[in-house]
Amino acid sequence: RPSELESRPQLPLNKAKNNYASFECGARVIETNEEAQNPMAILIENKDAYMLNPCKANISFTVELCDTVRILKLELGCFELFSSVPETFRVCSSERYPTGEWNI
């Protein structure tokens, strides 16, 4: 009998394009909510590493991409078997950080 983890569909990672938010590319997490633990895990492909937050936390983080890009596609993944997924999320961008002007 396969385990529940093995029966979950595995989504292929799109290797044809650059991941400008990857640790390997040089991206970095520059700000998080104070409760966040292991925030660098959101930048690596290792599915056994993940950022932790208490359920009641107002989760936020800022990622500096490794290059200036025009965002056409955003891929999110939640691979932890017993974690919840965000009900809503907002993506903002800016050419500089810190900034007072975020593009939504």
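Start with the whole chain and colour it by burial: buried residues (under 20% relative accessible area, with exposed meaning over 50% and partly exposed in between, for a 1.4 Å probe and protein chains only) make up 11% of the 104 residues in the protein chain. This is a predicted model, in which local features need pLDDT of at least 70 and side-chain atom pairs count only at pLDDT 80 or more, while totals for chains, interfaces and linings use all residues. Residues are numbered from 1 along each chain as its sequence is written, and side-chain values use heavy atoms, with hydrogens and water left out.

**The overall layout**

Switch to cartoon view and you will find 1 helix and 2 strands in the protein chain, in the order α-β-β from the N terminus. These elements are DSSP runs numbered from the N terminus, with helices (H or I) of at least four residues and strands (E) of at least two. Accessible areas here come from the Shrake-Rupley method with a 1.4 Å probe, and for residues only the protein chains shown count as cover. For contacts (heavy atoms within 4.5 Å), take pairs of residues in the protein chain at least 6 apart in sequence: 43% of those contacts join residues at least 24 apart.

Select Arg28 and Glu64. Their side chains meet in a salt bridge, 2.4 Å from N to O. Glu64 lies in strand E2 (residues 61-64) and Arg28 in strand E1 (residues 28-32), so the pair ties together parts that are 36 residues apart in sequence. The rule asks for a side-chain nitrogen of Lys or Arg within 4 Å of a carboxyl oxygen of Asp or Glu. Glu64 is partly exposed at 34% relative accessibility, and Arg28 is partly exposed too, at 44%.

How many salt bridges does the rule give? The count is 2, and Glu75 with Lys73 is a pair to select next, at 3.4 Å from N to O. Here Glu75 is partly exposed, with a relative accessible area of 48%, whereas Lys73 is exposed at 58%.

**Stop two: the loop between E1 and E2**

Now move to Asn53, which sits in the loop between E1 and E2. Its side chain makes a polar contact of 2.7 Å with the side chain of Asn33. Such a contact is a pair of N or O atoms within 3.5 Å; within protein, one must be able to donate a hydrogen and the other to accept it, and residues adjacent in sequence count only if both atoms are side-chain atoms. A polar atom of the Asn53 side chain also lies 3.4 Å from the backbone nitrogen of Ala36. Leaving out residues up to four places away in sequence, Asn53 touches Asn33, Glu35, Ala36 and Ile59.

In the loop between E1 and E2, select Met51. Is Met51 buried or exposed? With a relative accessible area of 17%, Met51 is buried. Its contacts beyond four places in sequence include Ala36, Asn38, Ile42 and Phe61. Pro39 is 12 residues away along the chain, yet the C-alpha atoms of Met51 and Pro39 are separated by 4.9 Å.

Asn38 belongs to the loop between E1 and E2, and its phi is near 60 degrees, a positive value in a residue other than glycine. Asn38 is partly exposed at 43%. Finish the loop at Asp48, which is exposed with a relative accessible area of 69%.

**Stop three: after E2**

Show Leu65, Val69, Ile71, Leu74, Leu76, Phe89 and Val91 as a surface: they form a nonpolar patch with about 630 Å² of accessible area together. Patch members have over 30% relative accessible area and no salt bridge; nonpolar side chains (Val, Leu, Ile, Met, Phe, Trp, Tyr) are joined within 5 Å, like charges within 9 Å. Val91, in the segment after E2, is partly exposed at 39%.

Last, zoom in on Tyr97. A cis peptide bond joins Tyr97 and Pro98, with omega about 0 degrees. The count of aromatic pairs is 1: Tyr97 and Trp102 are tilted, 6.1 Å centre to centre with 55 degrees between the planes. Rings of Phe, Tyr and Trp (its six-membered ring) pair if their centres lie within 6.5 Å; planes under 30 degrees apart count as stacked, over 60 as edge-to-face and the rest as tilted. Tyr97 is partly exposed at 39%, and Trp102 is partly exposed at 38%.
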